[in-house]
Amino acid sequence: MKKRALITGVTGQDGAYLAELLLAKGYEVHGIKRRASSFNTERIDHLHHELDESGPALTLHYGDMTDSLSLLRIVQQVEPDEIYNLAAQSHVAVSFEEPEYTANADGLGTLRLLEAIRILGLKDSCRIYQASTSELYGLVRETPQRETTPFHPRSPYGVAKLYAYWITVNYREAYGIYGCNGILFNHESPIRGETFVTRKITRALARIVHGLQKTLHLGNLDARRDWGHARDYVEAQWLILQQDQPCDYVIATGIQHSVREFVVRAAHAMGVEIVFRGSGEDEQGVVEAVTAPDTPLKPGQVVVRIHPQYQRPSEVGTLLGDATLARERLGWTPRTSFDDLVREMALADLALAADEARGVVGARHGRHLIETLPERRR
Ligand code: NDP
Ligand code: GDR
């Protein structure tokens with residue numbers, strides 16, 4: 001019997017990598033997508049459209065984390081062995097502008113799924129993974145952060161995720177539901193959303209190199225993050241649900257870099273040279289990047305400007321995780337180094353910008369994933 005998994009947020013970065021991983025492991029995979037006025041399945045189209053002998057590799061259901069009835073119907077219909085709750089309004093800065101929606105989707109959405117499991121009598125057959133986050137730590141009380149570090153979220157997003165964290169723990173304690181939190185630190189990839197800082201940097205620099213964009217505007221260059229690769233992190237999500245006992249785990253690399261360092265590494269991977277001028281604190285500060293004189297890439301000057309629009313009302317200045325528990329109990333360690341992550345993102349976005357410059361329009365997100373799929377699914 002194939003195991004059945006339900007992924008909320010399957011159209012997002014992690015959803016796409018996780019769907020691919022579970023399909024490769026032989027799961028029957030179902031995903032929830034929401035109705036949109038334009039296509040929103042770009043990252044998973046290569047999985048969704050492919051057929052094997054037993055039907056579509058990935059089955060999609062319309063639903064929304066703010067709509068209890070749709071969630072109840074889908075959980076009843078699919079009867080999953082494992083639910084991965086990845087759906088969320090996941091942008092920290094946006095959560096300051098849409099705090100109520102963020103609380104509803106990210107906080108109450110988790111409650112709705114847990115209630116569906118309970119009401120439908122699936123508590124002994126269905127395990128649930130909750131996509132918790134290092135944003136719970138916010139104003140850090142201990143470095144590095146581990147499972148026992150006190151929480152102090154700094155955004156409506158962080159606060160909504162705090163509710164989701166605790167309601168998962170509560171349903172585990174109150175009803176014996178197998179529910180686990182993965183407290184994941186930032187993880188990125190070539191299919192990362194384009195408004196998160198890493199992808200914003202690689203997209204913009206690549207477009208600048210190809211003459212498609214002039215300037216990159218950024219906020220706090222001195223923010224420090226523990227960045228890993230999404231491909232490695234979805235493996236941890238799966239491992240977390242395979243243990244005898246449910247538990248909560250920090251997933252991180254244990255290495256920290258600043259946004260400024262990310263810019264420099266990405267520029268280096270693209271053969272352009274960054275010259276910093278101005279300070280991160282100075283809103284008028286200007287950072288200039290000049291293409292190296294010997295580079296075959298388009299010569300000229302690249303300007304990175306610090307813009308107050310990208311500063312947050314309350315910032316999380318530094319995050320650094322300690323994933324010792326995950327290493328000891330799950331046997332999980334990150335495989336991708338920071339340099340390899342940056343290089344992979346930089347090269348993918350250079351290729352994308354080159355296509356754009358040539359006027360090629362196509363399935364942008366799915367492309368690199370397809371390359372990692374087994375032959376039969378291509
Ligand atoms: P993305 O923003 O790439 O994906 C979010 C997904 O949630 C998308 O599929 C989105 O759909 C869906 N979604 C948003 N709102 C709703 C809703 N109301 N109903 C149904 N679906 C909805 O996030 P990631 O893949 O990067 O992250 C996955 C999860 O992990 C999120 O919960 C995030 O908060 C959390 N997380 C992420 C980390 C990271 O560094 N990436 C670190 C720690 C936690 P659509 O495509 O239509 O927008
Ligand atoms: P984060 O990721 O807030 O950590 O949340 P993001 O990439 O948005 O920001 C990281 C840091 O970079 C600073 N920054 C900028 N950020 C953005 N988006 N745009 C800019 O122009 C910019 N300039 C500087 C930010 O201030 C911040 O300090 C991500 C999301 O995936 C969450 O869902 C997840 O829970 C956490 O990671 C862990």
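Modeller: Around ligand 2 there are 22 residues, of which Ser90, Thr133, Val197, Gly219 and Ala223 are the closest; a residue is counted here if its C-beta atom, placed from the backbone, lies within 6 Å of the molecule. The model is a predicted one, in which local features need pLDDT of at least 70 and side-chain atom pairs count only at pLDDT 80 or more, while totals for chains, interfaces and linings use all residues. Residues are numbered from 1 along each chain as its sequence is written, and chains are lettered from A and ligands numbered from 1 in the order in which they are written.

Two helices, α4 (92-97) and α7 (197-209), each provide at least two residues of the shell around ligand 2, helices being DSSP runs of H or I with at least four residues and strands runs of E with at least two, numbered from the N terminus. Sorted by class, this shell holds ten nonpolar, seven polar and five charged residues, where Ala, Val, Leu, Ile, Met, Phe, Trp, Tyr, Cys and Pro count as nonpolar, Asp, Glu, Lys and Arg as charged, and the others, Gly among them, as polar.

The domain assignment, which is automatic or from a database, gives domain 1 (4-184) and domain 2 (197-224 + 258-316 + 337-358). Because both domains contribute residues to its shell, ligand 2 lies between them. Where the domains touch, seven residues of domain 1 are in contact with five of domain 2, contact meaning C-beta atoms, placed from the backbone, within 7 Å. The side of domain 1 that touches domain 2 consists of three nonpolar, two polar and two charged residues.

Ligand 1 has 26 residues around it, with Gly9, Gly12, Ala87, Ala88 and Ala131 coming nearest, and its shell comprises nine nonpolar, 14 polar and three charged residues. Helix α1 and strand β7 (127-133) each supply at least two residues there, and α1 gives the most, with three.

Helix α1 (residues 13-24) also meets helix α8 (residues 230-240), their axes coming within 9 Å and crossing at roughly 65 degrees; the axes are lines fitted to C-alpha atoms over the stretch in contact, with angles running from 0 to 180 degrees between N-to-C directions. The residues making this contact include Tyr17 and Leu21 of α1 and Val234 and Trp238 of α8, and by class the contact has seven nonpolar, two polar and three charged residues.

Technical notes: Contact = placed C-beta atoms within 7 Å.
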